[in-house]
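Please look at the structure as I go through it.

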Amino acid sequence: MTAISACRGCGSAELKQFLDLGETPLADALVTDAIVSEPSLEERFPLAVAFCPVCALVQITEDVEPTKLFVDNYLYFSSFSDHLLRHSREHALNLIATRGLDADSLVVELASNDGYLLKNFVDEGVPVVGFDPAPDQAEAANRIGVPTRAEFFGLEAAKALRAEGKAADVIIANNVMAHIPDPNDFVAGMAHLLADDGLITVENPSVWDLVDRVAFDTIYHEHFFYHSCTSVKNLVERHGLHLNHVEYFPDLHGGTNRWHIGHRDDPSPHVLERLAAEHEAGLDDFEFFANFGGKVDTLRRDLLDLLGALKAEGKTIAAYGAAAKGATMVNATGIGTELVDYVVDRNVHKQGRFMPGTHQPIVDPAILVDDPPDALLLLAWNFASEIMAQQSEYADNGGRFIVPVPSPELI
Ligand code: DWN
């Protein structure tokens, strides 16, 4: 654990903090009953966010060792969201068609998790290599025939792959360029590995949406960075790459950008328009972030008031989604077992564990029909429509949903 004093992107010493969520446990480090009985054993780390006025990179102010985050006790498997699986398959099939990928091509995915996305290329006969340091996820991918290296990606890993005579026609980096403490080594690795006419697509939630939707719960130690088109452009150009296009997915992870990056400087009119819109809105200026903390305080107060009022009426409350964002929500807001009894989650690796910090038990969603709570706090609000459709029987039986962002709402 080390506090940073300079921007991780450009090295500027002008970082300006705009939000402090206090000391929180690691969001995906779901605890066992050993920790529940001995809470002092649970590690907590400062969680604060700063803006760099030089390169517009938004970043947390403390480094947590990546092996702690993604290796020692990492239970996130991508294949538990139907929406994400559909989104990923569409992307893979579109790349195969538009890039003319075939048996002579190579697709490399960074943070390939359990093979949820690369399997679509394997099924079409396109060679792939996955990188993911999380051992269980890498093993799950290899088991379904997705060649995966259980290691972090960076310039050294890129050089090793090139030394095997391999250059990537496509590099996919979804929810990872924001997750590594050294963005320059990561991007330099992509630049080194990418074929001359290759394409990199990078997906990460939009920092613009994070602010607009008050999605402060998407801030946690795994997320070192919160990107805009502007910050991505500045980061990749430092390594001779160029931001050439951006796609936007409003319903994925609370608003996700997919940036198209390559060796050639060939920006689409759309990405130029988005960069201009960000400048117009002020995403390259500290003032855009200055009053975010106040909005977060209001949301937290309103949510506690809503939960407290329901409890005062004798209502029972549970939560849906042992999501990383859910850990920030319950810990930064102070939602303990006195308000929320338990959390349901379809991910079987998470069932039987407890929420970090607040220690609600994580159980199978079947309980929502067998012994339904009066209200269900959607910690995985980014999948609200999928979850509410899936839990229609709970709703038909009178169950209510609480959507916490952008302002708490009882549905
Ligand atoms: O960057 C990251 C984001 C993109 O995904 C990773 N650091 C980790 C992860 O963050 P998260 O845990 O907040 O992501 P999700 O995918 O929003 O988490 C949803 C949780 O809800 C998962 O534990 C799966 C679960 N779930 C469920 O039980 N039933 C999800 C759906 C859609 C469902 O129907």
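Let me begin with a term: a polar contact is a pair of N or O atoms within 3.5 Å. Please also keep in mind that this is a predicted model.

With that term in hand, consider Lys350. A polar side-chain atom of Lys350 lies 2.7 Å from an oxygen atom of the ligand, so this pair is within the 3.5 Å limit. For Asn382, an N or O atom of the side chain is 2.8 Å from a ligand oxygen atom. Tyr220 also places a polar side-chain atom 3.1 Å from an oxygen atom of the ligand.

How much of the ligand's accessible area does the protein cover? On its own, the ligand has 700 Å² of accessible area, and the protein covers 97% of this. The ligand sits in the largest cavity.

Let us turn to the shell of residues. There are 26 residues around the ligand, and those that come nearest are Glu222, Asp345, Arg346, Lys350 and Gln390. Sorted by class, the shell comprises 11 nonpolar, eight polar and seven charged residues.

Which elements give two or more residues to this shell? They are helix H12, residues 324-333, and helix H14, residues 384-390. H14 provides the largest share, with three residues.

Thank you for your attention.

Conventions. Residues numbered from 1 in each chain as written. Predicted model: local features only at pLDDT ≥ 70, side-chain atom pairs only at ≥ 80, totals over all residues. Heavy atoms only, no water. Near = heavy atom within 4 Å. Polar contact = N/O pair within 3.5 Å; in protein donor to acceptor, adjacent residues only side chain to side chain. Areas by Shrake-Rupley, 256 points an atom, 1.4 Å probe, with all protein chains shown as cover. 1 Å grid on protein atoms, 1.4 Å probe; cavity = no way out; pocket = protein on both sides within 12 Å on 5 of 7 lines; lining within 4 Å. Sits in = over half its atoms within 2 Å of the grid points. Helix = DSSP H or I, 4+ residues; strand = E, 2+ residues; numbered from the N terminus. Nonpolar A, V, L, I, M, F, W, Y, C, P; charged D, E, K, R; others polar.
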